[in-house]
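I opened this notebook to keep track of which charged side chains pair up, and to follow whatever else those searches turned up along the way.

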Amino acid sequence: VVNRKDPKTIKKVKKGKIPFIQTTDGFKVLSMFLNYNGTELVIPIPDLTLVYYNNAYLNNLTRKEQEKKLFKKLLDKSEITENTTNELYAYIGVASSSIIQMFTSIESFINYLIPDDKPYVNNGRKDRTESYTKEQIQIHIKFWDKIKNVLPYFHSKNFFRRQTPTNIHITKLKELRDEIIHTKSNKNYGSQSKLIEKLLKFKYDETLLAIRKFMNFYKPDYITECDCEDDF
């Protein structure tokens, strides 16, 4: 445990060390060294899966408020002002961000579930057996292969063993995320129009719940309801 108030000590122990911060509650938190504009710091390492999921959730709250503003103007058929266009820009922005963050949280979680010191052995090919390290799995194996083959290999259970209404939401999330990341164009704006329509009709709340069920399937109680009084 490093005294984060002592820059000289931090600099002295920095090389080759993994620091922990002790919170006021007595918990030790895995941390990292950071030189910020010449000042040596120790900062906690957040769970990035939860960071991405939380951002997706918060973006979705903003999206719902933006949707109300947008359609209040769109349903007024008398005129379309520049302000209406701005509302649509804002909606697409937060909707796209929510989709991307949802998917990123799943990718982060899958990679977290892969053991550090156990290879994945693929015997599915007739001509050879393939063995992958964790790094090779993360870089070279595709998303669906990780979910449907790698995770069951290591954890002896498969969230996608059969198609369900829950995992269909994740399938549709992957499809829409890919369309956003690889946005297509044509002269009549047909592909853009279809993408905007999907962003307006996507099942955001249901997909966030499906992701939570997927994560809790492999790590029970990983994401739970907030027991605070905040509106989250």
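Entry 1. I looked up Glu65 and found that it forms a salt bridge with Lys68, with the closest N and O atoms 3.6 Å apart, in what I must remember is a predicted model. Both residues belong to helix H2 (residues 48-74), and because they are three residues apart there, about one helical turn separates them. Glu65 is partly exposed, with a relative accessible area of 44%, while Lys68 counts as exposed at 57%.

Entry 2. Next I checked Asp116, which forms a salt bridge with Lys134, the closest N and O atoms being 2.9 Å apart. This pair links distant parts of the chain, since Asp116 sits in the loop between helix H3 (82-113) and strand S4 (120-122) and Lys134 lies in helix H4 (residues 134-140), 18 residues apart. Asp116, in contrast, counts as exposed at 66% relative accessibility.

Entry 3. In helix H7 I found Lys201 and Glu197, four residues apart, about one turn of the helix, and their side chains meet in a salt bridge of 2.9 Å from N to O. Lys201 counts as exposed at 59%, and Glu197 is partly exposed at 41%. I also noted a network of salt bridges that links Lys174, Arg177 and Asp178.

Entry 4. Which pocket lining includes Lys201? I traced it to the second largest pocket, where the lining also includes His169, Glu175 and Phe202. The volume of this pocket is about 200 Å³. Helix H6 (165-181) gives the most to its lining, with five residues, and helix H7 (190-201) supplies at least two. Sorted by class, I have six charged residues, two polar and two nonpolar in that lining.

Entry 5. Finally I turned to Lys146 in helix H5 (residues 143-155), which is buried yet has no salt bridge. What is the nearest side chain of opposite charge? It is Glu107, 5.5 Å away, and I can see why this pair is not counted, because a salt bridge needs the nitrogen and oxygen within 4 Å. Leaving out residues up to four places away in sequence, I listed what Lys146 touches, and among these are Ile110, Asn111, Ile137 and Leu151.

Key:
Residues are numbered from 1 along each chain as its sequence is written. This is a predicted model: local features need pLDDT of at least 70, side-chain atom pairs count only at pLDDT 80 or more; totals for chains, interfaces and linings use all residues. Side-chain values use heavy atoms; hydrogens and water are left out. On a 1 Å grid over the protein atoms alone, a cavity is a set of points where a 1.4 Å probe fits but cannot get out, and a pocket is an open set with protein on both sides within 12 Å along at least five of seven lines; lining residues have an atom within 4 Å of a point. Grid points are joined across faces, edges and corners, and a volume is the space filled by probe spheres set on the points. Ala, Val, Leu, Ile, Met, Phe, Trp, Tyr, Cys and Pro count as nonpolar, Asp, Glu, Lys and Arg as charged, and the others, Gly among them, as polar. Buried means under 20% relative accessible area, exposed over 50%, partly exposed in between (1.4 Å probe, protein chains only). Lys and Arg count as positive and Asp and Glu as negative; His and the chain ends are not counted. Contact means heavy atoms within 4.5 Å.
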